[in-house]
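Q: I have just opened this entry and would like a guided tour. Could we go through it step by step?

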Amino acid sequence: WARDEAEAAANLKKQQEAERLAAKQRAQDEAEAAVRLKREQEMVRLAAEQNSRDQAEKATKLKEQQEKERLAAERAQDEAAIKLKEQREVERLAAEQRAKGEAAARERQERLEQERAHLVLVEKEKDKV
């Protein structure tokens, strides 16, 4: 009977040791799981921060590109306005030149007509004489 009690006590001690080791293993597993979870949460947080920075950078680049395009459009519009103004000035100067040329041609024509009229008069005078 004493041997049975000693055996039962030994078995109880083994069982308690096994439960203690199992509890220790569970605690260690839970601690490792908590560390893994914390690490994963930190990676998710860092990824979210990086994503936020990437989006901010993309937004900044987009704004810069839009500003470049706006400035290029303004510059093109300004250049077109300058070219149009220059073209109109050239046309105005050409019209002035034509007008001056026409006026000069009229003056020459009038002088020629006056000279012809004078020559006709001179011829008539000669004929009279």
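A: We may start with glutamate 30, which lies in helix H1; helices (H or I, at least four residues) and strands (E, at least two) are DSSP runs, numbered from the N terminus. The model is predicted, so local features need pLDDT of at least 70 and side-chain atom pairs count only at pLDDT 80 or more, while totals for chains, interfaces and linings use all residues. Residues are numbered from 1 along each chain as its sequence is written, and side-chain values use heavy atoms, with hydrogens and water left out.

Q: Is glutamate 30 buried or exposed?
A: Glutamate 30 is exposed, at a relative accessible area of 56%. Here buried means under 20% relative accessible area, exposed over 50%, and partly exposed in between (1.4 Å probe, protein chains only).

Q: How many helices and strands does the protein chain have?
A: The protein chain has one helix and zero strands. Its radius of gyration is 55 Å, well over the 14 Å that the globule rule gives for 129 residues, so the chain is more spread out than a compact globule. That radius is taken over C-alpha atoms, and the globule rule is 2.2 Å times the number of residues to the power 0.38.

Q: What box do the C-alpha atoms fill?
A: Along the principal axes, the box is roughly 185 × 10 × 5 Å.

Q: What share of the residues counts as buried?
A: Of the 129 residues in the protein chain, 0% count as buried. The chain exposes about 12200 Å², and carbon and sulfur atoms supply 55% of that area. Such areas come from the Shrake-Rupley method with a 1.4 Å probe; for residues, only the protein chains shown count as cover.

Q: Changing topic, how many positive and negative side chains are there?
A: There are 30 positive and 31 negative side chains, and the centres of the two sets lie 1 Å apart. Lys and Arg count as positive and Asp and Glu as negative, while His and the chain ends are not counted. The place of a charge is taken as NZ of Lys, CZ of Arg, CG of Asp or CD of Glu.

Q: How many salt bridges does a search of the whole structure find?
A: The search finds nine salt bridges. The term covers a side-chain nitrogen of Lys or Arg within 4 Å of a carboxyl oxygen of Asp or Glu.

Q: Which residue forms a salt bridge with glutamate 42?
A: Glutamate 42 is paired with arginine 45, and the closest N and O atoms are 2.4 Å apart. The two residues are three apart in helix H1 (residues 2-128), so about one helical turn separates them. Glutamate 42 is partly exposed at 34% relative accessible area, and arginine 45 is partly exposed at 36%.

Q: Which residues are linked in a network of salt bridges?
A: The network links Glu42, Arg45, Glu49 and Arg53. Within it, the side chains of arginine 45 and glutamate 49 meet at 2.2 Å, N to O. Both of these residues lie in helix H1, four residues apart, or about one turn of the helix. Glutamate 49 is partly exposed, at 32% relative accessibility.

Q: What about glutamate 96 and arginine 92?
A: Their side chains also meet in a salt bridge, at 2.3 Å from N to O. Both lie in helix H1, four residues apart, about one turn of the helix. Glutamate 96 is partly exposed at 33%, as is arginine 92 at 39%.

Q: One last stop: where is aspartate 29?
A: Aspartate 29 is in helix H1 and is partly exposed, at a relative accessible area of 37%. Its C-alpha lies 37 Å from that of aspartate 54, a residue 25 positions away in sequence.
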